[in-house]
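Here are my notes on this model, point by point. Have the structure open while you go through them.

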Amino acid sequence: MRTFIGIPVKQDVKETLFQIQQQCAQMCKKGNFTEKDNFHMTLHFLGETTTAELDDLKQAVYETALQNRKFIGNLHQLGVFQRGEKGIIWVGTEKNNALFRLFESLEKNLNRQGFAREKRKLSPHITLAREAIPYHSFAQIQKSVLVEQKEMIVDCITLFESVRIGGKLVYQPIFTGELKNNKNILK
């Protein structure tokens, strides 16, 4: 099974992201646009995983959730990872110490369970489209599509499985760890 650990996105944020995505889509010749229900922020991509490894992954998610408090992040800007004429269009979040602590905690817990650390540093973003080809330029899309500052409550992390159902890519939750309650949610 193909798995990753990420932060699920609440419905109100999905609606905001969907509106941004629709504006981007109008400025693209083509692209593989993320299904609204699949919006998430990846913390650690695992790839091919055996069912025997699931208990260790669940344990790492559980321990990470116990070690971290709920917090609020903010959608920040539209960005692009460009590869030739194609690119990945995404919405990033403002720099957030709580998010980086969550990521580091997850990496340590995964490593304790025998999984390799993520090769790249955390680049917090939510993918809107892959293989996107703009009519004019990615710079024009970034200039034209405004990202309103939207709060994003982070209250859990989830181990997801990526599956195809009826030809459609679906990210199914396998296990979710609820972050600790915090009377004053951290920003």
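1. Contact here means heavy atoms within 4.5 Å. Leaving aside neighbours within four places in sequence, I89 is in contact with C24, C28, L78, G79, V80, I126, T127, L128, A129, A132, F138 and I141. Keep in mind that this is a predicted model, where local features need pLDDT of at least 70, side-chain atom pairs count only at pLDDT 80 or more, and totals for chains, interfaces and linings use all residues. Residues are numbered from 1 along each chain as its sequence is written, and side-chain values use heavy atoms, with hydrogens and water left out.

2. More on I89: it is found in strand β5 (residues 86-93). Helices (H or I, at least four residues) and strands (E, at least two) are DSSP runs, numbered from the N terminus. With 0% relative accessibility, I89 counts as buried; the scale is buried under 20% relative accessible area, exposed over 50%, and partly exposed in between (1.4 Å probe, protein chains only). F138 sits 49 residues from I89 along the chain, and their C-alpha atoms are separated by 8.6 Å.

3. Now the core. A nonpolar core is a set of buried Ala, Val, Leu, Ile, Met, Phe, Trp, Tyr and Cys residues joined through side-chain atoms within 4.5 Å. The largest one has 44 residues, and I7, L17, L78, I89, L102 and L128 have the most contacts inside it. Helix α3 (residues 97-112) gives the most to this core, with 6 residues. Not counting residues up to four places away in sequence, L78 touches I20, C24, I89, W90, V91, L128, I141, Q142, V145 and V147.

4. Next, the rings. Rings of Phe, Tyr and Trp (its six-membered ring) pair if their centres lie within 6.5 Å; planes under 30 degrees apart count as stacked, over 60 as edge-to-face and the rest as tilted. The structure holds 3 aromatic pairs. One of them is F4 with F160, stacked at 5.0 Å centre to centre with 20 degrees between the planes. F4 lies in strand β1 (residues 2-8) and F160 in strand β8 (residues 156-165), so this pair ties together parts that are 156 residues apart in sequence.

5. What about F4 and Y171? Their ring centres are 5.1 Å apart and their planes at 85 degrees, so the pair is edge-to-face. Y171 lies in strand β9 (residues 168-178) and F4 in β1, so parts 167 residues apart in sequence are tied together. F4 and Y171 are both buried, and F160 is buried too. Ring pairs link F4, F160 and Y171 into a cluster.

6. On to the pocket. On a 1 Å grid over the protein atoms alone, a pocket is an open set of points where a 1.4 Å probe fits, with protein on both sides within 12 Å along at least five of seven lines; lining residues have an atom within 4 Å of a point. The largest pocket has a volume of about 820 Å³, counted as the space filled by probe spheres set on the points, which are joined across faces, edges and corners. Of its 23 lining residues, T42, F45, R120, H125 and R130 are the closest to its centre. Strand β3 gives the largest share of the lining, 5 residues.

7. One backbone item to look at: E131 has a positive phi of about 55 degrees although it is not a glycine. E131 lies in strand β6 and counts as partly exposed, at 44% relative accessibility.
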